[in-house]
Amino acid sequence: MVRASYVIASLFAITARTVNAQDAVCQAPARIDTSTTDAGPAPLTRVSNYRPIFQQCHNAQNQTRLAIRRMNVDAESLLLMVDPSTLTTSLEHERCWTCADTNDEAQKDTRFMGAVQIASEPALNGAAPQSPAFNAGLSHSTKDGSFITGDLCPSRKPLDRDLLELLKTIGPRTPVALAISGLWLTRHGADFQWLREQARSGALEITWVNHSYHHPYVPGRPIADNFLLRPGIDIQAEILDTERLLIANGETPSIFFRFPGLVSDAALMQAVRRDHLVVLGADGWLVFAPPLRPGAILLIHPNGNEHPGLRLFVKLLEKGRLPRPFRPINEAP
Ligand SMILES: [Zn+2]
């Protein structure tokens, strides 16, 4: 009798401990251990069974999120989730959430679906749907201030750290959206770790935008046969592999996707929308000296390939000619 109750008590203790441990895990987003990445960026294969889903989920704290990807990382089942009102994303342990399939129609009144849908309406301008489109998607915000975005297209040159150091002087947690290509990350492990350190220390608030994995580009080719419109491009792999690589290296992809060269067509727009991402354009590519209005989405290239644009950015910044405040890109849609 005594023995039986001891066994039952022990069992209960184990169960209670398990529940407590699970609760602790569920208190915060999942963290991917990157302590071994000194050897260079982790391969995207660290993230397996990666697939798009669309589910509405809630947890014990009665929070509601939309899950857009499911995956396994180091034997854990994780979800990439979006807060449908703030548009922030997080990686969460699947076991902490109760989820059910949903669809675009059921979520159409959320801020999130509004952003996905508006930003994926092709900029046809009377052209045929197969025609290439330039700068489709969200290219301007109705908010005041402006949005600093930087593209990390594949490059053999190092990251322009001076430019980011300058952004740090604007104030703590200066928001910057970095559109990263998979090939940039694989070749710039130390620069990527440096960027993560700027975010960890609170100097910059970085939002990671997907800029495709390979970012194809052939100089001199017409845009109808260039960038992601090159033959044989697997748009789904371009999208998902970049997300996997970011996750494998400890970061969380945002809901934004920026087309290489800002070039797309209706089919590409549709693919991005199917994966529940927001197409991010720009109306402030500074080398083209556009008039800068409040709500401008500024575009610079801190990948070492666009020094005239950076010089112009610095000049405008120092003269106070960039619309303030600088806002996080999640506030743009
Ligand atoms: Zn690019």
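Helices (H or I, at least four residues) and strands (E, at least two) are DSSP runs, numbered from the N terminus. By that rule, Pro325 lies in the segment after helix 8 (307-318). A cis peptide bond with an omega of about -5° joins Arg324 to Pro325.

The structure is a predicted model, in which local features need pLDDT of at least 70, side-chain atom pairs count only at pLDDT 80 or more, and totals for chains, interfaces and linings use all residues. Residue numbers start from 1 along each chain as its sequence is written.

The secondary structure of the protein comes to 8 helices and 14 strands. Of its 333 residues, 42% are buried. A residue is called buried if 20 or more other C-beta atoms lie within 10 Å of its own, exposed if 12 or fewer do, and partly exposed in between, with C-beta atoms placed from the backbone. Contacts are counted in a related way: two residues are in contact if their C-beta atoms, placed from the backbone, lie within 7 Å. Among the contacts in the protein with a separation of 6 or more, 73% are between residues 24 or more positions apart.

Two open sheets can be followed strand by strand. Strands pair if DSSP finds at least two bridges between them.

Asn49 belongs to strand 1 (residues 47-59). Is Asn49 buried or exposed? Asn49 is exposed, because 9 other C-beta atoms lie within 10 Å. Leaving aside neighbours within four places in sequence, Asn49 is in contact with Met71 and Asn72.

The other sheet has 7 strands in the order 12-10-9-8-7-14-13, with parallel pairing. Strand 12 (278-279) and strand 13 (284-285) stand at the edges with a single partner strand each, so one side of each is left without a neighbour in the sheet. Strand 7 (residues 146-152) and strand 14 (residues 296-300) pair in the parallel sense over 5 bridges. In that pair, Ser146 stands opposite Ala296 in strand 14.

Helix 7 (residues 266-274) has Ala266, Leu268, Met269, Val272 and Arg273 buried. These residues cover an arc of only 160° around the axis, so they are on the same side of helix 7; the arc is that of the directions from the helix axis to the C-beta atoms. What covers them includes helix 2 (111-118), helix 6 (235-248), strand 10 (253-257), strand 11 (263-264) and strand 12.

Most residues other than glycine have a negative phi, and most peptide bonds are trans. His276, in the loop between helix 7 and strand 12, has a positive phi near 60°. His276 is buried, because 23 other C-beta atoms lie within 10 Å. Ser212 has a positive phi near 75° and lies in the loop between strand 9 (204-210) and helix 6. Ser212 is buried, with 27 other C-beta atoms within 10 Å.

A nonpolar core is a set of buried Ala, Val, Leu, Ile, Met, Phe, Trp, Tyr and Cys residues joined through C-beta atoms within 7 Å. The largest one has 81 residues, and those with the most contacts inside it are Leu178, Phe256, Phe257, Val278 and Val279. Helix 6 gives the largest share of this core, 6 residues.
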